[in-house]
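The sequence and the model come next.

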Amino acid sequence: MKDGKTLMNFGEINRRTLMIGAATGLAVSAMPKRLFAQGAPTLVTSIRSLSNPYHAVWKTGAEAYAKLVGLEHVTLVSEGNSEKGIADIKAMLAKTGGNMVLNSDPNDTPDARPIVEACKAAGAYVVTQWNKPADLHPKDFNPNYVSHIEFDGISSGKQIAEILFKTIGGSGGIIALGGQISNTAAIERKKGLEAALAENSNIKLLDFQVANWKSTEAFDLTSNLLTRFGDEIKGIWAANDDMGTGALEALRAEGLAGKVPVVGIDGIKAAVDAVRTGEFACTITSDPFWQGGIGLALGYNALTKKFDPTSEPPEHREFYGKVVSITKDNVEEYYKTNVESQPALDWSDLWDRVTGQIRT
Amino acid sequence: MTINSETMKPVTNLERTSAMDAVFARFFRGEAARRLRTFAPLIVLVVLCILITIANPNFIELRNLIRIANSAAVPLTLAMGMTFIILMGSIDLSVEGALSIAAMVLVLLATNDANANDYGWLAVVAAIAASTAMGVLNGIIQTVLRIPSFMATLGVWFIGLGISVFMLGGSAIRLMDNSIRSLALERFLGLPLAVWVAAAAFLLAIVIQYHTRLGRHILAIGGGEDVAELSGVNLQRVRITAFGVAGFFFGVAGVLAAAQLGQSNAVIADGRLFAAVTAVVVGGTALTGGEGGVLNTLVGVLIVTVLANGMVLLGISPYVQQTVQGLMIIAAVALSLDRLRLKIVK
Amino acid sequence: MLSVNGISKSFMGVKALKNVSLEIRPNEVIGLIGENGAGKSTLMRTLAGTLQPDSGTMTLDGERLRLRSTRDAAVHGIGMVFQEQSLLLNMSVAENIYLGQEHQFTRLGIVNWKAMREAARRQLGKIGVDIDVTTRTSELSFAARQMVELAKALTLEESVSRPLVILLDEPTSVLTASDIDVLFERIRSLKKRASFVFVSHRLDEVLRISDRVYTMKDGEVVAEHQANQVTGPELHEIMVGRGLHTEYYKEPRQMAPRPEVILEANGLGVKGAFRGVDFNIHAGEIVGIAGVVGSGREEITRTLGGFLPQTEGSLKIRGEAVRFTSPEQAVRKSIGYVPRERRIEGLVMFLSIAENITLADLSSVMKNGRIDYGLERKLATDWIRKLHIKAPGPDIACRKLSGGNQQKVVLARWMTAGSRVLILDHPTRGLDVGAKEEVYELVRDLSAQGIAILLLSDTLEETIGLSHRVLVMKDGEVTARFDAAAGNKPDQVDLVREMV
Amino acid sequence: MKKLSDIFAAGWVQGAIPPALLVLLIAIVEIGSPGFLTGETLGLLLGNTAVLFILATGVTFVILIGGIDLSIQAVASLASVILAQLLPSIGALAFPVAIGAGLIFGILSGIVHVRLRVPSFVATLATGGVVAGMALWFAQGRAITIEEGGRLSTTWINGTVAGVPVVAILAAIVGIVSFLVLRYTRFGRYSLAVGAGEPAALAAGVNVDRTKIIAFAISGTLAAIAGVILAARLSSGSPSLANQLLLPAIAAVIVGGTAITGGLGGVARTAVGALIISIVRIGMTFIGVNIFAENVVFGAVLIIAVAITIDRSKIPVIK
């Protein structure tokens, strides 16, 4: 069969030429001017994504610190893809020649090792938060691996569980929503819940379900659990606020918002609002704004020889940070200082939120 | 003269009757089998419901059925849009992008806790319009640049997601417009309004598929693009319109999702794509196009929703839920596929 | 009156139409003949609006006509029934008839299906066909589909005030003789309301139905005749450029088969299709099977090809009992299947000639465990030369070849695979006279090489002409056997008597 | 004009377009961020592309036969978990076990698809779910660190040979073997035939079912190899290790110019496609594209890249 080959091909060439032109234009227009001054280090924040409130606040904190010290700041996101997260960091290391400070929330526990190894090799200073393998230690990568910061998931999980138990009067059934199964924080927070349950024999855990940190999944799961247990559910424990708010909306759809208290972790705005209206019993925040700044501050001070990581005590190399619990009692104040206005932190005291060395 | 000379008069009528007989014989044989196949997804659904009820009678409670309807509202609306695309033999991977765009536009224009806008129901219109526009963009990219829909929509997915992350600045913004929230919170005849909206979307999809030219032309393209073109079907226009219609449904789903969750964040649509495709395929619509329809999809959505509900009701461990769901999908599809017709399975 | 004035069209530098002019007058059936590649299809597609000429003009009733799409053509009352079946198998008859014209039944965006079904029923009534308009077209026979196509083309009557021009591009190629009669009857009765352009490879048909005949050759109109003033052989000579062989089926080359039995079927049967079929084929023998649709002969070829597993009886290849559950097994036992659906089952259209030739058996071009591309090309080039396949080279995709050349590639594949049994399922379907002759020649060559051949054919004449023996089937059973030695061929009437 | 179109219609030009696009992209990044083109960054680029490429190569086999494999990320994660779990107890034997698991699940996907006649899209989506569940169960829901002792058998993967990362060499080996398999074996030829015209391949005696199952088996195996490499690079296994790699892998195949409908394309194209995807990703970091705009740019570049690379003359219908 012969057909309109000539015409078609001609069309294609035009289309192709057009596309190549467009590609060039697009790529070039996407290039902002390079601002990297020689000599000054680049501050780099590596987080999972910008699509969750927690990391969005983290980024604000990081930018606030960068502004404070007057340095260029770059945010990298892994979009939940470990390979991409690591590749981006390596690319930044190559680009800055190692003259950078990295504050990283590794996408997954395993990612920390290659990230730290790459920074060490390039001579960059790195602080990791939340996730690292148990056998990876800052002291083995002196001086570049400055610190690792975590928040005691077990105590957070336990703390919110206890507040929840108190709110529902010390007895009754609750349901729990956990984070992504393999995630360290999810596992620890669940342990905290279990510890609290062990101490409160009148509280019955009706079911533990996994909502992968997401409000949408929590929404569907909660409405299904409401069917299964109905009025038996007196309270909801969520391993983070996103899931907590999803559960809250499922309650609202049944007219149960405010009647069945919810607790969560992270202190996102929606949760703080819910605490104000009494729909949440409490939320706990690790203060991502502080986290965003402190990681960079530690690294920058080490890089500029303001302090020597190698001579710091172990509880400054791997430590638990301080968490703030937000309940009915302190929510108005927290709202004023942290939600309505940007908190004013200067990060000059590097160690003021250290609560102790990380358990091994 | 020897070429095909004599016409074989004696054969004429006889052969025709026998040919017709054969046609009828085949028709009826095929029909019976097809009828059974057509109802296979429905049978799967019924069996699933019965099994779950036996294990946990709470399942059949009115309250739970209402909850299932409520959980199915967003997936059903999404899957309606997806059905048209799959009927055409294309695929739309931009579901998550389109849905998050709609949810983003909605919360940013309606009363919210991030800016002072208060456009009320205009925001809903704008949200659906934005998502529809993305659908049209999909169609245009696919037809004008002649790129397989798989890639065109994959690209648009990233673009849509990027835009909504950018606009939301990464935070979750609360939807505070009470009239829009009432979609999720108010009830009419015992069912949340969201369910009525989804039902209306379903009816609209039925009308589009079975009662309009567009629906017919979508089916025609799925059945044979070249033939449809020769018959005077304007391929470009139908494709672009179909992607636009899909975008419209995604937009409605986005509005419902935001109303249900009371907020919008960029991950509001996470996991919706595969859920939608699964529902469409489990319902019996062929990925190759031309077979199936929105009625099938209704059953498919219910199967998937009931399964998720049932697994929680039965207290199946989160560790194995994924595995169970995978096995159930294989079983449902394997049972309902018309192997006779689908000689080639891709 | 539709007239075409000096149009030319070329593809990639090859002239497909050279300064072609013709006239289509009202109420007239125009025959258009020519070998494959003569430009008939290009001309038809130009008239139908799917191709635009490079130069030249078309006028309709004296007015300049520019057609950019089938839709344009439809607006001017030009409708086409395509060579390949152009119905959507996933839709009903009514939907197919009005595909692209639903607006007639649309009120406020809603299509009134009832009205459409009514209208479709009327359309089918006009051509005197009784088909349920809600039937899915996939359930219809080829003949019935052709009628639906005709009805579809005739729907233009309702929207166009002038008489229609209906283009029929080889509508008969997949029809049985009886269906052709029905079709011609319809055309004659419709002549009052429309003119037709009729393209076919079968010259006798063209002469039977047409008022005037245009003959094309190499992209040009080389002759115009009144149909009653010319004979088939005369047209053939103009078209092909040489005289018509009196011995069309190469009867003189029909050798007596060798004694060795290659294929032996005993009580062979498939539940619901055919049963108790006994026959054997000797080396070099051609056995034809005649029968109407539904007689079970199609299923026999599918069973031998490995597509349809036998449920009873036995099958032996060179004395070895076999039972196929897949075509692969059949191929391993040296059966080669030349399918009717050449474009779908015959060749992988997007692969090259070479790749298609070696598809069934790569071992001859494998060297040290890998495919030797040099060897493969050489093999393909040899076949191209030996079988006179018209192609620039072995790397050309098969979809670019004409039907006859494609069929040669299929045969070359089986010869490469060393097939001892060939199943020819309508081997000349859709081929023009010249290509048919070449295929017949090839069949005789294969027979001479000792290959056992089972033949199903479009016409009884071809079956009788080529075969050594003819089996007649009816309702799944063999009802008669005829000896068809050269010079002693059975009469068609006798076969027909056993078929019905 | 005609000559120009003839040139473009020529096969070799069609083949040369994706690499040309690759060069163009590298040039754009180099212009936007001088200093990009150094041995070190190129090594980084190759190393980072390796896992993506190996996954994409596996999918290429499946896409060539006209199917799709959505289970690769689950299979890769499972392999990483198996490796991390077994290294301490059985040492280097864990490698074949992990890769063997991929092979088995690949075959399983193939069998579900072929024997139960479930479309591959759904079949592999479902088997992916099953495999992900198994990985969770096998890892008891957590990431497993490969301890000091186990790392001895994985460090070689993270090394370099003459400045070239070992992972890149592994990827090259996988690529070359796959290329040879596709071009020089019966299976390779049958794959193309099945993808381009399944009924005709069947009628020609090709064992279509077996060809398909082999393609899925290869895809599973390569996914497992990718998972093992990933585990070695990250010194641990996790049931969510390879998440988010599925779509980039498929995108790499198609950006390289392999037709999603099957029958046209190959491993060399996939290599180019994977490099294009990598370059765009890393290039954005280098140029300093606004983090919020990254997804938008990536999406747009994907569309444009496909618009440039696909050979429309050989794809019958654009669906």
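Not counting residues up to four places away in sequence, B:L106 touches B:A123, B:V124, B:A127, B:L175, B:G254, B:V255, B:A258 and B:S264; two residues are in contact if their C-beta atoms, placed from the backbone, lie within 7 Å. The model is predicted, so local features need pLDDT of at least 70 and side-chain atom pairs count only at pLDDT 80 or more, while totals for chains, interfaces and linings use all residues. Residues are numbered from 1 along each chain as its sequence is written, with chains lettered from A and ligands numbered from 1 in the order in which they are written.

B:L106 is among the residues with the most contacts inside the largest nonpolar core, together with B:A102, B:L256, D:L55 and D:A76. That core has 525 residues. A nonpolar core is a set of buried Ala, Val, Leu, Ile, Met, Phe, Trp, Tyr and Cys residues joined through C-beta atoms within 7 Å; buried means that 20 or more other C-beta atoms lie within 10 Å of the residue's own. Helix α12 (residues 208-234) of chain D gives the most to this core, with 18 residues.

Chain A has 12 helices and 13 strands, taken as DSSP runs (H or I, at least four residues; E, at least two). Of its 360 residues, 59% count as buried.

| Domain of chain A | Residues |
|---|---|
| domain 1 | 42-151 + 288-323 + 341-357 |
| domain 2 | 153-285 |

The C-alpha centres of domain 1 and domain 2 of chain A lie 30 Å apart. Eight residues of domain 1 are in contact with 10 residues of domain 2.

Conventions: Domains from an automatic or database assignment. Buried ≥ 20, exposed ≤ 12 C-beta atoms within 10 Å, placed from the backbone.
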